[in-house]
Amino acid sequence: MDVIVVGGGIVGTSAAFHLARRGVSTALVDSSHTGGATGAGMGVVFPWPLPWEEPPVQDFKAAAAAHLPSLMAELDEDGQATGYEVCGGMSVDREGDDAGHELMETLSRLPGFEGMGRVERLGQGRPRELFPLVPEEYGGVYIEGMARLNGSMARAALLEAALERGLRRFPGDARLLWDGRRVRGVRVGGQDMEASSVIVAAGVWSAQVLAGAGVALPVLPVRGQAIHFALPGTDTRPWPVVRFGERDRYAVAFGPNRVVFGATEEPEAGFDCRVTASGQARNLTAALEAMPGLGEATVAGASAGLRPGTGDGRQLLGEVESAPGAVVATGLGSQGLTLGAFQGLVASRLALGEDPGVDLSAFRPDRDTRAGGG
């Protein structure tokens with residue numbers, strides 16, 4: 001085996017797909033953990049960098065913004081249903097968002113930001129025309145190129161396309177084969193599998209995998225809960241993504257008649273991935289305050305997932321100096337569905353000893369992620 005990928009979320013399946021597509025002998029080990037972030041993600045896709053972000057973050061996001069649409073188009077041509085739709089998006093509030101409009105319009109004119117498309121100031125009442133649940137008094141900013149992504153569908157599309165190209169899949173929990181000098185593969189289900197490189201892309205469980213090589217990976221679980229509504233008789237598919245600026249909450253519409261609202265951010269929950277009454281009470285209260293028209297909607301369900309976070313807010317991506325043979329790809333927090341596919345591509349390049357194509361110095365997985373650390 002040339003490469004083993006540990007983790008079956010969007011990062012791991014993307015890495016496996018990009019390797020299998022190139023004819024690399026690849027195995028994917030997918031654990032039975034519940035609470036993975038990919039399936040529970042809100043699905044908001046806004047990949048473009050912002051001016052105040054660090055240069056390596058900006059470069060990574062710019063590359064991811066170009067990669068995701070092309071990857072989704074490739075999978076679509078392959079006959080895979082990806083759950084990716086460019087539907088546009090709005091940031092709204094009662095005061096409008098003129099400052100946001102100026103920033104977004106300026107960015108949309110820069111090289112590499114073409115995917116943002118049209119940026120439009122929305123006067124009072126215009127957001128409601130696009131998303132009928134938004135109150136009449138709200139104004140905002142519209143960005144044509146924003147998209148939504150069904151994480152479960154995208155993961156399944158990447159996995160199926162990789163399997164068609166020769167990927168081997170093994171269910172179970174992986175333990176690294178570590179000889180004290182180098183990672184040489186994994187053990188899963190009592191079977192030892194050797195490989196030249198192992199990509200650890202197991203989300204919040206990546207630390208457990210790396211512990212077998214004596215690596216203390218600084219990834220932290222952050223529970224996020226969302227609430228799901230159904231509006232029988234209403235076609236929500238044309239509706240854009242909405243960010244309620246006053247609350248920093250999102251509403252994402254999916255066909256045929258669903259709206260997902262959230263999400264909470266609960267680092268104190270640890271590895272507890274339950275949907276809780278208190279979390280859903282917060283979501284329900286915020287949803288009804290933002291969109292009173294949801295009062296007669298059906299509560300169709302709820303979701304919770306454990307996002308892989310870090311102390312300094314930057315992802316963990318790269319090789320581990322103390323554990324040669326391992327590549328880490330996790331730590332994207334709430335941006336997993338937006339940036340995960342590109343993170344998987346970069347990890348695949350690293351596993352093959354290639355230039356990653358972007359500066360990864362700020363994302364070293366063995367760095368000090370505490371405030372003030374390196």
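Helix α1 (residues 10-21) packs against helix α3 (residues 55-77) at an angle of about 65°, and their axes lie 13 Å apart; axes here are lines fitted to C-alpha atoms, for helices over the stretch in contact, with angles running from 0 to 180 degrees between N-to-C directions. Helices (H or I, at least four residues) and strands (E, at least two) are DSSP runs numbered from the N terminus. The model is predicted, and local features need pLDDT of at least 70, side-chain atom pairs count only at pLDDT 80 or more, and totals for chains, interfaces and linings use all residues. Residues are numbered from 1 along each chain as its sequence is written, and side-chain values use heavy atoms, with hydrogens and water left out.

In the contact between these helices (heavy atoms within 4.5 Å), F17, H18 and R21 of α1 meet H67, L71, E74 and L75 of α3. The residues of this contact comprise three nonpolar, two polar and two charged, where Ala, Val, Leu, Ile, Met, Phe, Trp, Tyr, Cys and Pro count as nonpolar, Asp, Glu, Lys and Arg as charged, and the others, Gly among them, as polar.

The whole structure holds 26 salt bridges, each defined as a side-chain nitrogen of Lys or Arg within 4 Å of a carboxyl oxygen of Asp or Glu.

Two cis peptide bonds are tabulated below.

| Cis peptide bond | Omega |
|---|---|
| G255 to P256 | near 0° |
| G262 to A263 | near 0° |

P256 lies in the loop between β16 (249-254) and β17 (258-262), while A263 lies in the loop between β17 and α8 (277-290).
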